[in-house]
Amino acid sequence: MSISVLILTPPYSSQGSYSAYRFVKAAVASGQAVRRVFFYQDAVHAATKLACPPQDEFDLYTAWQQLKHDADLDLVVCIAAAARRGLINESESKRHNKSGANMASDFEISGLGQLVEACALSDRIITFGA
Amino acid sequence: MSILIVQHSPPYGNSNAKEALDIALAAGTFEQEVHILFMGDACYQLAENQNPHMLGQKSIPKMLTALPIYGIEEVLIDRASLDERSINTLCKDVKVKVLSSDEVKAAYRNAKTVLRF
């Protein structure tokens, strides 16, 4: 069985993103195939590379990137949701003629078609948030 | 093999209505079978005589009128939610199918994926 995860809630100010991280980590650890993790709505903020959480707090931003490397995850950020919220990568920054980029390179930036594809190809979609 | 998008949020005040609708349009673009069900305060998305420009927002009903272009001919709405809110008339530009609670259950059962906003 393959699963994909849809995250809607922001990191830090909401529990959902951390719960999603723990869920994905546990799924991977148990040998479960995770086809895609899709970040939508305020969840896109998890992809920032500029967050500086205090040292005695859990660093969810780095944790997602580490988990991606450990488990070869497909972490996809919705391009429209991200651009609206001021989260852009280098190429989007050039395209919109902005002064900088703030998205960590471990996240792929793509459209809602990736979510639709995940719905079609995964046996289960697990949503965190809303 | 279909996607059911359950709208549970009012039209304005947060981005749920718009961002849930965007998924429906994307699914339609990729020729997936997709249904939109309005429940709870989301019924107000289909209310008549909205003036969202006063809030600096785009009209949700106007966006909903584009659905047939994406292969979504009608939207679903929960009768109990309408009754609880004494909503008697809906925006006439959107084709709506009113569902009984049994039909709502069936809509959930028949969907492969349910996304709730």
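Which side chains meet in a salt bridge, N to O? I looked this up first in the model, which is predicted. The pair is A:Arg85 and B:Glu19, with 2.8 Å from N to O.

**Interface of chains A and B**

I found one salt bridge by the rule across this interface. I also noted seven residue pairs in polar contact, both residues of each pair being at pLDDT 80 or more. On the side of chain A that touches chain B, the elements giving two or more residues are helix H3 (79–84), helix H5 (113–121) and strand E5 (124–128). Of these, H5(A) gives the most, with six residues. Sorted by class, that side of chain A has 12 nonpolar, four polar and two charged residues.

I then took the totals. Contact involves 18 residues of chain A and 17 residues of chain B. The two chains bury about 1400 Å² between them, and carbon and sulfur atoms account for 61% of it.

**Helix H2 of chain A**

I turned next to helix H2 (residues 60–71) of chain A, which has 12 residues. From first C-alpha to last, H2(A) reaches 16 Å, close to the 16 Å expected at 1.5 Å a residue.

I checked both ends. Just after the helix, A:Asp72 takes a positive phi of about 55°.

I listed the buried residues of H2(A) as A:Leu60, A:Tyr61, A:Ala63, A:Trp64, A:Gln65 and A:Leu67. Their packing partners in chain A are strand E1 (2–7), helix H1 (16–29), strand E2 (33–39) and strand E3 (75–78).

Note on methods. Residues numbered from 1 in each chain as written. Chains lettered and ligands numbered in written order. Predicted model: local features only at pLDDT ≥ 70, side-chain atom pairs only at ≥ 80, totals over all residues. Heavy atoms only, no water. Contact = heavy atoms within 4.5 Å. Buried area = accessible area lost by both parts, 1.4 Å probe. Salt bridge = Lys/Arg side-chain N within 4 Å of Asp/Glu carboxyl O. Polar contact = N/O pair within 3.5 Å; in protein donor to acceptor, adjacent residues only side chain to side chain. Helix = DSSP H or I, 4+ residues; strand = E, 2+ residues; numbered from the N terminus. Nonpolar A, V, L, I, M, F, W, Y, C, P; charged D, E, K, R; others polar. Expected span 1.5 Å × (residues − 1). Buried < 20%, exposed > 50% of the residue type's maximum accessible area, 1.4 Å probe, protein only.
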